[in-house]
Amino acid sequence: MLRRSNSLSPLLAPRSIALIGASENAARIGGRPLRYLREAGFKGAVYPVNPNRETVQGFKSYASVGGLPETPDVAILAVPASGTVQALKECAERHVKAAIIFSAGFAETGDEGRAMQDEIAGIARESGMRVLGPNCLGVFNAASGYYGTFSAILDTEFVNPGPVAIVSQSGAYGSHIAHLARQRGLGISHWITTGNECDIDVAEALQWVVDQPDTNVVIAYAEGIRNRDVFLEALDTARAKEKAIVFMKVGRSEVGAHAVSSHTAALAGSDAIFDAVFRQYGVYRASTTAEQLDVAYACSRGIYPAGDKFGIFTLSGGFGIQMADDAALAGLDVSPMPDAAQEELKAMLPYASPRNPVDATAQALTDLPLMTSYISTMLEEGGYDMFAGIFGSGPASSTFAVSLRQALEGATAGQDGCILSLTMSASPEVVRSYEEKGFLVFEDGSALVNALGALVHFRKSFDAVKRVTETLEEAPRLSLVGDTLSEHGAKSVLAKAGIAFPREALVRPGEDAGVAAAAIGFPVVLKISSPDIAHKTEIGGVIVGVKDEDEARQAAQTILDRVREKRPDALIEGLIVSPMITGGVETIAGVVRDPVFGPVVMFGLGGVFVEVLKDVTFRAAPFEAVEAQRMIREIRGFAMLEGVRGAPPADVDALAEMLSTLSRFAAANADMIESIDLNPVLVMPKGKGVAPLDALLILRKD
């Protein structure tokens, strides 16, 4: 087998292209790419392959790939599904580096199509050729005029190069978002649709585009993720390079997840875990296409606010209050102007409301130089990281637009450290004129505030990575046997991984539980220890508050009698004797094996919080204690750990260390572990550590 290259450059930045199935008809799938390449002025060599013609759309035509004068970097296959395998074999024989397969009719159609797709994947694997698709719309690189696609959005005009990259499993969605981005005035650096992903997937495409210097933000769409490690590496790289990823991940609902499976045969995975992984790596998950475009637009300049202080200027109190409400939901700080600055503004406009939102009233429009001074004072004295001006349809006025723009330019001059934004309803030409002066322009105030909140989100995520100094050490790899370990066995294994449990003793059948209990120190808890009994309380296998030796012996006998009656088939390892520990905040931690992300750590408050409210969060393993701190603070009930009603703050630092240790153990032994439960875990007062009281470790059977 040939070694496969990790580079997608032959696919995305080729110097020569072959179009197999090239058509003279520029409206056909085999004709559109040729037309686009010609009209966009692609500088490389273009080789149409069509055995029935001497020329195609003015290009010299060739009968086969084998007859080309050179080996092309990429081959575009615009042939039916039935002819795709043979065409790809010919490309492999010619040592073509990459291929794009447009045709549908593969894994998405059933077993026969799946078999053909598997054969395509095998050709790619054996030859080292990188294959995009099948069932995709291809790629483009606007800067080089390379359009390896048949998307109809290019019929009217091409795309200007710019800082936005688009990576989409769905060709239709990728085309739609590219069209909307073009309408918004956004330039696109690279556009990739991955389709059925027999070889190249969204993860690898993401990895490539975030490495490109001309990309500031990536718009991504996925129905499922196939390559966990490459995907997480791509997200991590984007965050380290301060490149925003705005993701549309579909399949939130059970119905949606089923549709995903039938559409691309992709595994959607748990939506809650996708949410958590996106938070872990600082990805912004958009709920709507409009939101995805708004956030990408705001991020396209690669400029982020230093903080979250937000100043609002309005000519109408109602609009300002609405924006302030939206800002609160977005987590922005609408701090009032300093008292002295308010007095200064009040002196300029006695009828104004200078607090923040700063309402200058419509009177400001009658004296634009005054408005310039007003806004300038607001920005200089307020110390805001972001500014928004609410102007409605005013900038669209033919008699008013130019002077208003000049007034705003003067007011904001020298405010390079502040994100400047406006809401207005105006023509694209007017909007562009403001954008050229550095303003973000939105028609809807709520969308603007949400986008500013996203900028703060990314800034915090980028800064958090810079603050991480700890080294993530690998946990020991252990030899584990069986399907399920007893509680005592699970604790022994996890203790070797670095998780500290309260002292306990295992009393074998026939041994004196009273003596063991006295050695531990009263009061104690007695529990059955058996690999066959995961839920001990359901069969009466736990007795708490045991106060002396005789009571311990009696409790031991009672538990054994119950187990023999209710689970006579169970292997009895013995009885666990442990100290009776009270106090602290009850939490739960564990590991689940997600079909997409592998071992994932779960954390939440215990009791009613997990049973009824489902107040839990997740992280893909492994992660540092710093990430565990963020994880802990995500749950709605975090205030319980801060101390309520006179209770002392809990030892969150020790809890974070335990979660990180658990994550490293799970990652190091991922192929052996199905799930882990630590429930309950008592988080003691600050400085007193944590006490996991029970452990369940289930091993993989395959």
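1. Helix α23 covers residues 652–668, and at 1.5 Å a residue its 17 residues should span 24 Å, which agrees with the 24 Å between its end C-alpha atoms; the expected span is taken as 1.5 Å times one less than the number of residues. Helices (H or I, at least four residues) and strands (E, at least two) are DSSP runs numbered from the N terminus.

2. This is a predicted model, in which local features need pLDDT of at least 70 and side-chain atom pairs count only at pLDDT 80 or more, whereas totals for chains, interfaces and linings use all residues. Residues are numbered from 1 along each chain as its sequence is written, and side-chain values use heavy atoms, with hydrogens and water left out.

3. Because 12 of the 17 residues of α23 are buried, this helix is largely enclosed by the rest of the structure; buried means under 20% relative accessible area, exposed over 50%, and partly exposed in between (1.4 Å probe, protein chains only). Among the buried residues of α23 are Val652, Leu655, Arg664 and Phe665.

4. An open sheet of five strands runs in the order β16-β15-β17-β18-β19 with parallel pairing, where two strands pair if DSSP finds at least two bridges between them. The edges are held by β16 (358–359) and β19 (440–442), each with a single partner strand, so one side of each is left without a neighbour in the sheet. Helix α11 (residues 317–329) packs on this sheet and touches β15 (310–314), β16, β17 and β18, contact meaning heavy atoms within 4.5 Å.

5. Within the sheet, β17 (residues 386–392) and β18 (residues 419–424) pair in the parallel sense over six bridges, and Ile390 stands opposite Thr423 in β18.

6. The largest nonpolar core has 149 residues, and those with the most contacts inside it include Phe310, Phe313 and Met371; such a core is a set of buried Ala, Val, Leu, Ile, Met, Phe, Trp, Tyr and Cys residues joined through side-chain atoms within 4.5 Å. Helix α16 (residues 445–467) gives the largest share of this core, 10 residues. A second, separate core of 43 residues includes Val652, Ile673, Val683 and Leu699.

7. Ser529 lies in strand β21 (residues 524–529) and is buried, with a relative accessible area of 0%. Its side chain makes polar contacts of 3.5 Å with that of Ser486 and of 2.7 Å with that of Glu573, a polar contact being a pair of N or O atoms within 3.5 Å; within protein, one must be able to donate a hydrogen and the other to accept it, and residues adjacent in sequence count only if both atoms are side-chain atoms.

Notes: Axes fitted to C-alpha atoms, helices over the stretch in contact; angles between N-to-C directions.
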